[in-house]
Amino acid sequence: MTKKPTKAAAAKAASPKPEADGEAAAPASSRATRAAERRDAIVEAAMEEFIARGFAATRLDDIAKRAGVAKGTIYLHFKDKESMFEELVRTVIVPVVARLNALPPPTGSVRDLIETFAGNFLKEVIGTRRGDLVRLIVAEGPRFPSVADFYYREVVSRGIAGMRALIELGVARGEIHQKNLARYPQILIAPAMIAVIWQSLFARHAPLDAQDMLRVHLDLIFGERRTT
């Protein structure tokens, strides 16, 4: 005859086992960490391949080889080459532009705020992988409209909106006298684009001081700074 378990034994058997739960949680956490590391490696490899070969010539096989993963692993994180490129833009360039719209109301002059942001932008873009990525978009955007459209939505439109807001503030404060500048905020950021393109094409012939060019450009808009 089978002996029925006591109430204490039944309760013990039914109670959760913390040590077992901990053992199960640890591998799950490790898997998530490894998956995140593989994704980061794929994004980094994609950036190197895009910059080296261009968007059109880059193959998923080359990205997988550089990242040290199987080609099938890429599809666990990205549906295609275009979605990988979009992720690059989101992680590498969008945060830089987003800082413009996150700026606090200026306590000093609008020019000082613009000069600080633009100066930091130049430092983070000129001569960096970010600059290489921007040049790639300029070069291949016309051939891949969807890529150009995405870049406009995520980067260009945000930058233009932020610059327009600062220009309007500068006009309201009397710092900027050309009111029509708000219609063309592209003029305000023109030195950044010139510097990015110049760096890749002509820097070896005629090095460009992008920061000094920026100061001269702002003198044209705000008037020359008064020296004491």
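By class, six nonpolar residues, one polar residue and one charged residue make up the lining of the largest cavity; Ala, Val, Leu, Ile, Met, Phe, Trp, Tyr, Cys and Pro are counted as nonpolar, Asp, Glu, Lys and Arg as charged, and the others, Gly among them, as polar. The model is predicted, with local features requiring pLDDT of at least 70 and side-chain atom pairs counted only at pLDDT 80 or more, whereas totals for chains, interfaces and linings use all residues. Residues are numbered from 1 along each chain as its sequence is written, and side-chain values use heavy atoms, with hydrogens and water left out.

The largest cavity has a volume of about 40 Å³, and the structure holds one cavity of 30 Å³ or more. A cavity is a set of points, on a 1 Å grid over the protein atoms alone, where a 1.4 Å probe fits but cannot get out; a pocket is an open set with protein on both sides within 12 Å along at least five of seven lines, and lining residues have an atom within 4 Å of a point. Grid points are joined across faces, edges and corners, and a volume is the space filled by probe spheres set on the points. The cavity lining consists of Phe55, Phe85, Leu136, Ile137, Glu140, Gly141, Phe144 and Val147. Helix α7 gives the most to this lining, with three residues; helices are DSSP runs of H or I with at least four residues, numbered from the N terminus.

The largest pocket contains about 480 Å³ of space. It is lined by 28 residues, of which Phe121, Tyr151, Val155, Ile189 and Met193 are the closest to its centre. At least two lining residues are supplied by each of α5 (81-101), α6 (110-125), α7 (129-140), α8 (145-172) and α9 (186-201), and α8 gives the most, with eight. The pocket lining comprises 26 nonpolar, two polar and no charged residues.

The axes of α5 and α8 come within 10 Å and cross at roughly 0 degrees; axes are lines fitted to C-alpha atoms, for helices over the stretch in contact, and angles run from 0 to 180 degrees between N-to-C directions. Helix α5 is therefore roughly parallel to α8, as angles under 35 degrees count as roughly parallel, over 145 as roughly antiparallel, 65 to 115 as roughly perpendicular and the rest as oblique. Residues in this contact (heavy atoms within 4.5 Å) include Phe85, Val89, Ile93 and Val97 of α5 and Val147, Phe150, Tyr151 and Val155 of α8. The contact of α5 with α8 has 13 nonpolar, four polar and five charged residues.

Helices α6 and α8 pack at about 155 degrees, with their axes 9 Å apart, and α6 is therefore roughly antiparallel to α8. Their crossing is left-handed; a crossing is so described if the near helix is turned anticlockwise from the far one by less than a right angle, and as right-handed if clockwise. Val110, Leu113, Ile114 and Phe117 of α6 make the contact with Met163, Leu166, Leu169 and Gly170 of α8. These residues divide into seven nonpolar, one polar and no charged.

The axes of α9 and α10 (residues 210-222) lie 10 Å apart at an angle of about 160 degrees, so that α9 is roughly antiparallel to α10. Here the crossing is right-handed. Ile187, Leu188, Pro191, Ile194 and Ala195 in α9 meet Ala210, Met213, His217, Leu218 and Ile221 in α10, a contact with nine nonpolar, one polar and no charged residues.
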